[in-house]
Amino acid sequence: MEHNWLDERESRAWRGFHHLRAALTARLARQLNQECGLTEADYAVLVNVSEAPGQRIRSRDLCRALDWERSRLSHQIARMQARGTVERAPCPDDARGFDVVLTAAGAAAITAAAPIHLAAVRHCFVDLLTPEQLDVLGDIADVVTQHLAAEHGEATSDDDTCPTNR
């Protein structure tokens with residue numbers, strides 16, 4: 001049986017990526033929860049809904065933008081609806097679907113959280129890298145996500161409903 005082991009350079013890059021992703025995601029999630037009272041999932045939904053035209057988005061489009069299963073989105077929306085940050089509304093074009101609509105409380109939550117979250121992203125990530133490193137990382141992200149889309153049918157961040165600056 002042939003093994004496709006990673007060499008030292010490949011292993012360092014792969015393990016480093018995993019550790020970076022886990023540590024950074026955990027740190028940003030704790031900060032978001034402690035300072036804003038939002039989960040990562042809350043924030044992701046609020047960003048997408050707040051950036052949608054009319055602060056309203058079809059649930060299927062939100063699923064696609066977040067790369068979530070319908071059941072996950074449904075449970076998340078139910079929790080957020082109970083807290084008053086979003087509402088479900090009938091979809092005008094399709095009686096089978098529903099739209100997710102930002103409430104005044106949701107707009108206030110994302111307006112308050114976005115600058116705090118972006119400052120943490122800047123502090124824990126952006127400001128640590130040189131412009132060249134940011135360019136290389138952006139190029140790496142593009143190569144991998146384009147491969148996943150082309151070879152494996154995975155969603156890419158080129159979707160207009162995906163957040164780019166929050």
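The points below describe selected features of this predicted model.

1. Basis of the note. In this predicted model, local features need pLDDT of at least 70 and side-chain atom pairs count only at pLDDT 80 or more, while totals for chains, interfaces and linings use all residues. Numbering starts from 1 along each chain as its sequence is written, and side-chain values use heavy atoms, with hydrogens and water left out.

2. Helices are DSSP runs of H or I with at least four residues, strands are runs of E with at least two, and both are numbered from the N terminus. Ala26 is partly exposed, because its relative accessible area is 31%, and Thr25 is partly exposed at 32%. Here buried means under 20% relative accessible area, exposed over 50%, and partly exposed in between (1.4 Å probe, protein chains only).

3. For Thr25 and Ala89, 64 residues apart along the chain, the C-alpha separation is 32 Å. Leaving aside neighbours within four places in sequence, Thr25 is in contact with Leu20 and Glu40, contact meaning heavy atoms within 4.5 Å.

4. Positive phi values. Most residues other than glycine have a negative phi. Gln55 has a phi near 50° and lies in the loop between helix H2 (40-51) and strand S1 (56-58). Asp67 has a positive phi of about 60° and is found in the loop between helix H3 (59-66) and helix H4 (70-83). Gln55 is partly exposed at 32% relative accessible area, whereas Asp67 is exposed at 53%.

5. Packing of H3 and H4. The two helices pack at an angle of about 110°, with their axes 10 Å apart. H3 is therefore roughly perpendicular to H4. The contact is made by Ser59, Leu62, Cys63 and Leu66 of H3 with Arg70, Leu73 and Ile77 of H4. Axes are lines fitted to C-alpha atoms, for helices over the stretch in contact, and angles run from 0 to 180 degrees between N-to-C directions. Angles under 35 degrees count as roughly parallel, over 145 as roughly antiparallel, 65 to 115 as roughly perpendicular and the rest as oblique.

6. Helix H6. Val144 lies in helix H6 (residues 131-152) and counts as partly exposed, because its relative accessibility is 44%.
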